[in-house]
Amino acid sequence: MFKKTHRSIPKLTIGRPSLNASHDFHQPMESTVFEVFMRNGSYRVDYLNTQKFGTPPSLVMYVSGNLPLGQPYSRSAKRCLQIGLMTIRQMGEISNLVGVYVDVAQPDIQRRPALEQLLRDGLAGVFHHLLIVREKKVEDSSLLLRDWQKVFEQLSACEIRIADMEKVWLIKRAKTSFRQFSMGDAETIWILE
């Protein structure tokens, strides 16, 4: 499914991106995608198509899920990852995918290492488009607006899309910021088949 895993922060230079910087992850990253799904608090960052880093069509995907007690793995994270990859393929953008960020978050802890890395990469200019994949319908999620507003502000140079299990939404900025963001400020750009 994924081609390469790099444990370093991509740095953009003129021409090809360089992957020689040391990372500052605070906990070890899981070695396989399946290990991420089986443990709360785990994460994974995979870089793909590194030749597209920093180019106008460069796209990354962020998914997260939880691991309920008694379950062998995070079904929500797995479902979001699969839906996200199928969506990107259906939209014809698989060749533009430069990164996949996965968090299986603990319910009582706000820290999400993959999201933190995504923000660092976004500020470094690694990507220009972000796809956030959610299990819940976007229209029904008022918490999404509050939880993601700070992230949207930090990535103001990026086009941000949110996918649920039925549609992909383009998040429009209210004037030049996301401060007054509401679902009225989003438009459906793709309906999943």
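The following is a dialogue about a predicted model of a protein.

Reader: What kind of model is this, and how are its residues numbered?
Author: It is a predicted model, in which local features need pLDDT of at least 70 and side-chain atom pairs count only at pLDDT 80 or more, while totals for chains, interfaces and linings use all residues. Residues are numbered from 1 along each chain as its sequence is written, and side-chain values use heavy atoms, with hydrogens and water left out.

Reader: What makes up the secondary structure of the protein?
Author: There are 4 helices and 7 strands, in the order α-β-β-α-β-α-β-α-β-β-β from the N terminus.

Reader: Where is confidence lowest and where is it highest?
Author: The score is pLDDT, the predictor's confidence in each residue, from 0 to 100. Strand 7 (residues 186-191) is lowest with a mean of 54, and strand 3 is highest at 95. The protein averages 75, and 66% of the residues score at least 70. Over residues 12-26 pLDDT stays under 50, as it does over residues 174-185. Where pLDDT is low, the predicted coordinates should not be read in detail.

Reader: What makes a group of residues a nonpolar core?
Author: The members must be buried Ala, Val, Leu, Ile, Met, Phe, Trp, Tyr or Cys residues, joined through side-chain atoms within 4.5 Å. The largest such core has 24 residues, and Tyr-62, Tyr-101, Leu-118, Phe-127, Leu-130, Ile-132 and Leu-155 touch the most other members. Elements that each supply at least two residues include strand 1 (42-47), strand 3 (97-104) and helix 4 (142-154). Helix 3 gives the most, with 4 residues. Another core, of 23 residues, lies apart from it and includes Val-33, Leu-81, Ile-88 and Ala-163.

Reader: How many aromatic pairs are there in the whole structure?
Author: A search finds 2. Rings of Phe, Tyr and Trp (its six-membered ring) pair if their centres lie within 6.5 Å; planes under 30 degrees apart are stacked, over 60 edge-to-face, and the rest tilted.

Reader: Why is the pair of Tyr-47 and Phe-53 called edge-to-face?
Author: The ring centres are 5.9 Å apart and the planes stand at 70 degrees, so the pair is edge-to-face. Tyr-47 and Phe-53 are both buried.

Reader: What makes the pair of Tyr-47 and Tyr-101 edge-to-face?
Author: Here the centres are 6.4 Å apart and the planes at 85 degrees, so this pair is edge-to-face too. Tyr-47 lies in strand 1 and Tyr-101 in strand 3, so the pair ties together parts 54 residues apart in sequence. Tyr-47, Phe-53 and Tyr-101 form one aromatic cluster.

Reader: How do you know that the charged end of Arg-75 sits over the ring of Tyr-73?
Author: The rule asks for NZ of Lys or CZ of Arg within 6 Å of the ring centre and within 35 degrees of the ring normal. The charged end of Arg-75 is 5.2 Å from the centre of the Tyr-73 ring and counts as sitting over it.

Methods
Buried means under 20% relative accessible area, exposed over 50%, partly exposed in between (1.4 Å probe, protein chains only). Contact means heavy atoms within 4.5 Å.
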